[in-house]
Amino acid sequence: MIKTYISKRDREAIVALTIIILIGCGFLWLLGEYGKKQKPEEVVEKKCNEGKAQYYASEQNSEELFCFDPNTADSTTLLKLGLRPWQVRNIYKYRSHGGIYKKPEDFARLYGLSAHKYKQLLPYIRIAEEYSMSAAEYVKRYNPSYNNSRENNYEKKGVVYEEKAARPDYQRKISIGEHITLNTADTTQLKRVPGIGSGYSKAIIRYGERLGGYVSVDQLDEIEGFPTETKQFFIIDNPTPHKLNVNTMTLSELKRHPYINFYQAKAITDYRRIHGHISSLQQLSTSPDFPETAIKRLLPYVAY
């Protein structure tokens, strides 16, 4: 058997080398662990995953499904159903501005509500009857006598008749078959016509004064926004419109009439200056400013 002799100096060198190797390995191990901890994407991903697990676990345990009316449910109820606080705020804001959920499908308009959550809640949405119908429908269903009485509000041919019993006779709205004489009526009488209030009654008087009197009920259509269905309540009785003397009036006076614009007034004064006296509006038909329709509607208001 051969014995290997290692000198003391060699043994010391081997021990020192072993120690250096162990220290180097330890340093490399620590450096690797430190590098792993410094990777931000790994740290973020881990925290996100942990956060998601805890978040959904807690939400799943707190959610409940039960019947609710989105028009009356309070915040506690809505949060228990799994809606987010900002969605609850949007519901409150919608209701505070007069918004009403008339049918379950209306709830789908809630901002940020996912299709999954909507399908989950849909079987539990209950809309109270008073929110799903208009006030008129509610009255018709629960108080039929209100609509059967001729003395109460009802709709007929697009005209709303106001309650007569509570009004004095001079404020009573007239019925179909009754008429108001257009040229002699004042604002009080005009307001008795269904669909005519203070605004339109004043507009009728003002436009009649500008015309010099009405010669046709159809002239009411020339008032902006006038309710056409109310014309059935007016009649014209022996119209005597104020006449415009086209031979003596100035350009400024002529163009004040609704049927004469600046260019037509100028055409009249130019014709008088060039040709002299006007005896018929047909003499102005050669002017492009006086087509046949303009002459026809101006005829009742002209004197020579």
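Residues are numbered from 1 along each chain as its sequence is written, and side-chain values use heavy atoms, with hydrogens and water left out. Because the model is predicted, local features need pLDDT of at least 70 and side-chain atom pairs count only at pLDDT 80 or more, while totals for chains, interfaces and linings use all residues.

We can start with isoleucine 19, which lies in helix 1 (residues 8-37); helices here are DSSP runs of H or I with at least four residues, and strands are runs of E with at least two, numbered from the N terminus. Isoleucine 19 is partly exposed, with a relative accessible area of 45%, where buried means under 20%, exposed over 50% and partly exposed in between, using a 1.4 Å probe and protein chains only.

From there we can turn to glycine 208, which sits in helix 10 and is buried, with a relative accessible area of 11%. Leaving aside neighbours within four places in sequence, glycine 208 is in contact (heavy atoms within 4.5 Å) with Gly213 and Tyr214. Proline 241 is 33 residues away from glycine 208 in sequence, and their C-alpha atoms are 9.5 Å apart in space.

Glutamine 219 belongs to the loop between helix 10 (198-211) and strand 4 (234-235), and this residue is also buried, at a relative accessible area of 5%. Its side chain makes a polar contact with the side chain of tyrosine 301 at 2.9 Å; a polar contact is a pair of N or O atoms within 3.5 Å, of which, within protein, one must be able to donate a hydrogen and the other to accept it, and residues adjacent in sequence count only if both atoms are side-chain atoms. The side chain of glutamine 219 also reaches the backbone nitrogen of serine 216, at 3.0 Å.

The last stop is helix 12, whose 14 residues (262-275) should span 20 Å at 1.5 Å a residue, which agrees with the 20 Å between its end C-alpha atoms; the expected span is 1.5 Å times one less than the number of residues. At the start of helix 12, a side-chain oxygen of asparagine 261 comes to within 3.1 Å of the backbone nitrogen of tyrosine 263, and just after the helix, glycine 276 takes a positive phi of about 95°. The buried residues of helix 12, among them Ala265, Ile268 and Tyr271, pack against helix 11 (251-254) and helix 13 (292-298).
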